[in-house]
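I opened this notebook to record what I looked up in one structure, going from the sheet to the pocket and then to single residues.

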Amino acid sequence: MALCAVGLGAGALAFGSRILQYEAYVVRTGSMAPTIPAGSVVIVEPVSPLALKEGDILSYRRPAAPPITVTHRIVFLRLNDDDRNPAPLIRTQGDANGVPDPWQIELYGVAWRAVLWVPWLGYLYDVARQPFAQLLLVGVPGGLMGGWAAVGLARAIAAWRRPSPVRGA
């Protein structure tokens, strides 16, 4: 039963990010340890970049390699000099890193701030993102629950059809 609950939870993370207003990322390195160890799943919510503050943990695309998502803490934040289109300029740093990241980011649009992380769930989450695994994570627990309901229904029908003993004859 616990395995079904874990499977359904991982499946909910994998499916939920397609429907709800959050994203889930797997932390692949130890740069945020011990706060967020490698293999953790980080849940991030969309916020206005102007709502960010130093100390927030942020997930963003690495400027030098856009396919890579970085999850680091904001260690420096100030607004740019554009009065008509203000945006924060930020520097980030992993908690385990000795120096800030070598880039500065100017954020427009939506920022993704970390609100929750679950250590080591990333390993299961990676599997849950595969289509076949999604079918298993939903199909197997669903099949078990459907089978359990079918057995209960069959027993109820059998009890209803069974003639009741005549008393007092």
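This is a predicted model: local features need pLDDT of at least 70, side-chain atom pairs count only at pLDDT 80 or more; totals for chains, interfaces and linings use all residues.

The entries below follow the order in which I looked things up.

Entry 1: I began with the strand order and found an open sheet of seven strands, arranged as β1-β2-β7-β3-β4-β5-β6 with antiparallel pairing. I then looked for the edges, which are β1 (23-26) and β6 (105-106), each of them pairing on one side only. Turning to what lies against the sheet, I found that helix α2 (residues 121-128) packs on it and touches β1, β2 (41-47) and β7 (111-118), while the direction of α2 makes about 115° with that of β1.

**Entry 2: two strand pairs.** I looked at β1 and β2, which pair in the antiparallel sense over four bridges, and within this pair I located V26, whose bridge partner in β2 is V41. For a second pair I took β4 (residues 65-79) and β5 (residues 88-93), which are antiparallel as well and are joined over six bridges; here R73 stands opposite Q93 in β5.

**Entry 3: the faces of β1.** I recall that in a regular strand the side chains alternate between the two faces of the sheet. Which residues of β1 lie on its covered face, and which on its uncovered one? I read A24 and V26 on the covered face, with E23 and Y25 on the uncovered one.

**Entry 4: the largest pocket.** I looked up the largest pocket next and noted about 500 Å³ of space in it. Its lining consists of 22 residues, and those nearest the centre are V26, V27, R28, T69 and V70. Which elements supply at least two residues each of the lining? I found β1, β3 (57-62), β4 and α2, and of the contributions β4 gives the most, with six residues. By class I noted nine nonpolar, six polar and seven charged residues in the lining.

**Entry 5: E45.** I went on to E45, which is found in strand β2.

**Entry 6: the loop between β1 and β2.** I looked at two residues of this loop, S31 and P34. Beyond its neighbours within four places in sequence, S31 is in contact with H72, G94, D95, A96 and N97. At P34 I checked the backbone and found that the peptide bond from A33 to P34 is cis, with omega near 0°.

**Entry 7: W120.** My last entry concerns W120, found in the loop between β7 and α2. I noted a phi near 65° for W120, a positive value in a residue other than glycine. For context, most residues other than glycine have a negative phi, and most peptide bonds are trans. W120 counts as exposed, because its relative accessibility is 56%.

How values were computed
Residues are numbered from 1 along each chain as its sequence is written. Side-chain values use heavy atoms; hydrogens and water are left out. Two strands pair if DSSP finds at least two bridges between them. Contact means heavy atoms within 4.5 Å. Axes are lines fitted to C-alpha atoms, for helices over the stretch in contact, and angles run from 0 to 180 degrees between N-to-C directions. On a 1 Å grid over the protein atoms alone, a cavity is a set of points where a 1.4 Å probe fits but cannot get out, and a pocket is an open set with protein on both sides within 12 Å along at least five of seven lines; lining residues have an atom within 4 Å of a point. Grid points are joined across faces, edges and corners, and a volume is the space filled by probe spheres set on the points. Ala, Val, Leu, Ile, Met, Phe, Trp, Tyr, Cys and Pro count as nonpolar, Asp, Glu, Lys and Arg as charged, and the others, Gly among them, as polar. Buried means under 20% relative accessible area, exposed over 50%, partly exposed in between (1.4 Å probe, protein chains only).
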